[in-house]
Amino acid sequence: MRILSVTAQKASSTGSGVYLTELVKGFAKMGHAQAVIAGAYTEDNMQLPEGVKYYPVYFKSEELPFPITGMSDEMPYESTKYSDMTEEMTEQFIHAFRRKILQVTEEFHPDVILCHHLYFLTALVRNICPDQKVYGLSHGSDMRQVKKNVWKRDFIKDKIAKLNGIFALHEEQKNEICAYYHCEPEDVMVIGTGYNREVFYRDGSKKENDKLRLIFAGKISEKKGVKSLLRSLSYIPDVAKRVELLLAGGYGNEKEYGEILELAGQCPCNVKFLGRLSHKDLARELNQSDIFVLPSFYEGLPLVVIEAMACGLNVVCTDLPGIQNWLRANLPTNEVVFVRPPKMRNEDEPREEELPGFEQRLAEAIIKAQSAKVPDEEELKRISWDGLCRRLTKMWK
């Protein structure tokens, strides 16, 4: 089979980028011919399996003179908000990606085109390639973007509904997609996620430490709940003596990052900023930690929660739609401690008056997670990218 994967974002950053590259690796193991179209900067070093054809669309170039468009308003690299796209920028985007899509379909002749995010580029691919099999994969952030941003919404809704099929991360997301795009339930398939067992596993290297070591990995931003996490620590008894917090990840908003640094400086316990880590380095830090905390205000199906459990950590996570049910179905022995989220003003912005209660619940969950158990390793082994790739190709055939 000849598979073309498409994303407007970098294919090497954020959860959706990891998802794309891991699928490409899995398809490569199965012997499928592949090509990838992705947004990029000229200085990026994209690493894909041997034989995979890479077709970057360069932003901050003569053809596209603005930063990469990001599905989230704050990306961990320089980016453009879709809500800030002018008519001129939109035409430049269409021209650049249309040219690349036509080039690749003529040279590569894909049997299947898999587009990441149910958003503008996926709609554009459907429009440019009306006679090809085009599938869209939702990562959650696309649903948030299309609901909050009117830019090209009618075009997106029209073309997404005409895809050959849609893949959702969990059942709740499937229901959301069907309701919003008026899709038939049989056209939206739940495929979940996977994790890299060769990188994320319990390596037995954890050292004895008198501190409770908490770790967060993701975008260092308010919408990922980092500010609330820092404030929640003051509710933990003897926090200065007992707790250490590690924050792994990049940031996009300079002002917001400065506020987070200031909050960390006022924190009663030691806070370390690790920066953006490779998968190998993240796995090493996870193996040296005790509890993984993901206090996000919006998520699809966070892969990093699976990676943390695979490294032997207990997990605290905001109880967002679909996550708990998917984990219960696929990892029945998991004891993730879920935290009721604050009420929201829109898709991902909490009400200010709700935050103190959320932060106190978060602290209580961290204390409770100390006695929780991680899932059975055999259960974790069943969640793999290879298995997900096999399911996808079976659906396509």
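At what angle do helix H4 and helix H6 pack, and how far apart are their axes?

Modeller: Keep in mind that this is a predicted model. Helix H4 covers residues 141-148, and helix H6 covers residues 171-181. They pack at an angle of about 30°, and their axes are 11 Å apart. Angles under 35 degrees count as roughly parallel, so H4 is roughly parallel to H6. Their crossing is left-handed.

Now the residues. H4 brings Met143, Val146 and Lys147 to the contact. H6 answers with Glu176, Ile177, Tyr180 and Tyr181. By class, the H4 and H6 contact has 5 nonpolar and 2 charged residues, with no polar ones.

Follow Glu176 from here. This H6 residue is part of the contact with H4. The second largest pocket has about 260 Å³ of space. It is lined by 16 residues, and Glu176 is among the closest to its centre, together with Tyr298, Glu299, Pro321 and Glu347. The class count for that lining is 7 nonpolar, 5 polar and 4 charged residues.

The structure holds 2 cavities of 30 Å³ or more. The largest cavity has about 80 Å³ of space. Its lining has 13 residues, and the closest to the centre are Ala8, Met71, His116, His117 and Leu121. Strand S1 (2-7), strand S6 (112-116) and helix H3 (120-128) each supply at least two lining residues. H3 gives the most, with 3 residues.

Helix H2 (residues 87-108) packs on H3 at an angle of about 55°, with axes 11 Å apart. That angle makes H2 oblique to H3. The crossing of this pair is right-handed. From H2 come Thr90, Phe93, Ile94, Phe97, Arg98, Ile101 and Leu102. From H3 come Phe120, Leu121, Leu124, Val125 and Ile128. The contact divides into 10 nonpolar residues, 1 polar and 1 charged. Leu121 links the two views: it meets H2, and it is among the residues closest to the centre of the largest cavity.

The second largest cavity has a volume of about 30 Å³. Met309, Leu313, Asn314, Val315, Glu335, Val336, Lys373, Val374 and Pro375 line it. By class, that lining has 6 nonpolar, 1 polar and 2 charged residues.

Helix H1 (residues 14-29) and helix H15 (residues 385-396) pack at about 75°, with axes 9 Å apart. H1 and H15 are therefore roughly perpendicular to each other. H1 contributes Tyr19, Glu22, Leu23, Gly26, Phe27 and Lys29. H15 contributes Trp385, Asp386, Leu388, Cys389, Leu392, Thr393 and Trp396. By class, their contact has 8 nonpolar, 2 polar and 3 charged residues.

Back to your starting point. H4 and H6 are roughly parallel, and their contact includes Glu176.

Terms used
Residues are numbered from 1 along each chain as its sequence is written. This is a predicted model: local features need pLDDT of at least 70, side-chain atom pairs count only at pLDDT 80 or more; totals for chains, interfaces and linings use all residues. Side-chain values use heavy atoms; hydrogens and water are left out. Axes are lines fitted to C-alpha atoms, for helices over the stretch in contact, and angles run from 0 to 180 degrees between N-to-C directions. Helices (H or I, at least four residues) and strands (E, at least two) are DSSP runs, numbered from the N terminus. Angles under 35 degrees count as roughly parallel, over 145 as roughly antiparallel, 65 to 115 as roughly perpendicular and the rest as oblique. A crossing is left-handed if the near helix is turned anticlockwise from the far one by less than a right angle, and right-handed if clockwise. Contact means heavy atoms within 4.5 Å. Ala, Val, Leu, Ile, Met, Phe, Trp, Tyr, Cys and Pro count as nonpolar, Asp, Glu, Lys and Arg as charged, and the others, Gly among them, as polar. On a 1 Å grid over the protein atoms alone, a cavity is a set of points where a 1.4 Å probe fits but cannot get out, and a pocket is an open set with protein on both sides within 12 Å along at least five of seven lines; lining residues have an atom within 4 Å of a point. Grid points are joined across faces, edges and corners, and a volume is the space filled by probe spheres set on the points.
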